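Student: I am new to this structure. Can you show me how to read it, one feature at a time?
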Amino acid sequence: MAIKRKTREERPLVGIMMGSASDLEAVEPARTILKEFEIPFEMKVLSAHRTPDQALQYAAEAESRNLEVIIAAAGGAAHLPGVVAAKTLLPVIGIPIKSKSLNGLDSLLSIVQMPAGIPVATVAIDGAANAALLAIAIMAGKHPEFRSKLRRYRKTLEEKVLNAVV
Ligand code: RP5
């Protein structure tokens, strides 16, 4: 059977990582946005403490696989985005997942408080939609079509507010 190679359009540009399959529901809005913008992406469950070797390998190989941005979601002592950022020069966006015990404050502080040198762009707790939109904004410098789509998306937000019936 012939192996179908991925075309340039199909190759993922965004890698979405999450520390556990239990994060998937909170990460879903990122998938929705990227699909809406027709931006190829891939999703992986990889944990900084349960699968450290695989998580590091994924981060280390991301750039050579032509990914342009990594989104990493994690909850609790949420070290995944920081660990991933340490192994790649690609921009890393962290999504703090709302945790059971501390409502995500633990995740937020673990991700946002990176010491100077290795940045992680952090969105709100469960802020997956904004993580995807930020990824698109980062890539828009290189991909003019993403920029146009982002402009159109902003326009729809504007229209929704202006057309709101109160
Ligand atoms: C983190 O621990 C994951 O990112 C998840 O948010 C949290 C709980 O994981 P599970 O116990 O549900 O697998 O690593």
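Tutor: An oxygen atom of the ligand is 3.1 Å from an N or O atom in the side chain of R50. A polar contact needs such a pair within 3.5 Å. Keep in mind that this model is predicted.

Student: How far is an oxygen atom of the ligand from an N or O atom in the side chain of S20?

Tutor: For S20 the distance is 2.7 Å. The backbone takes part too: a polar backbone atom of G75 is 3.0 Å from a ligand oxygen. Taken alone, the ligand exposes 360 Å², and the protein buries 66% of that.

Student: Which residues are around the ligand?

Tutor: They are G19, S20, S22, D23, H49, R50, A74 and G75. By class, that shell holds five polar, two charged and one nonpolar residue.

Student: How many aromatic pairs does a search of the whole structure find?

Tutor: One. The ring centres of F37 and Y153 are 5.6 Å apart, and the planes meet at 55 degrees, so the pair is tilted. Planes over 60 degrees apart would count as edge-to-face.

Student: Where do F37 and Y153 lie?

Tutor: F37 is in the loop between α1 (24-36) and β2 (41-45), while Y153 is in helix α6, so the pair ties together parts 116 residues apart in sequence. F37 and Y153 are both buried.

Student: Is P144 buried or exposed?

Tutor: P144 is exposed, because its relative accessible area is 56% and the cut-off is over 50%. P144 belongs to helix α6, residues 144-162.

Note on methods: Residues are numbered from 1 along each chain as its sequence is written. This is a predicted model: local features need pLDDT of at least 70, side-chain atom pairs count only at pLDDT 80 or more; totals for chains, interfaces and linings use all residues. Side-chain values use heavy atoms; hydrogens and water are left out. Helices (H or I, at least four residues) and strands (E, at least two) are DSSP runs, numbered from the N terminus. Buried means under 20% relative accessible area, exposed over 50%, partly exposed in between (1.4 Å probe, protein chains only). A residue is near a molecule or strand if one of its heavy atoms lies within 4 Å of it. A polar contact is a pair of N or O atoms within 3.5 Å; within protein, one must be able to donate a hydrogen and the other to accept it, and residues adjacent in sequence count only if both atoms are side-chain atoms. Accessible areas come from the Shrake-Rupley method with a 1.4 Å probe; for residues, only the protein chains shown count as cover. Ala, Val, Leu, Ile, Met, Phe, Trp, Tyr, Cys and Pro count as nonpolar, Asp, Glu, Lys and Arg as charged, and the others, Gly among them, as polar. Rings of Phe, Tyr and Trp (its six-membered ring) pair if their centres lie within 6.5 Å; planes under 30 degrees apart count as stacked, over 60 as edge-to-face and the rest as tilted.
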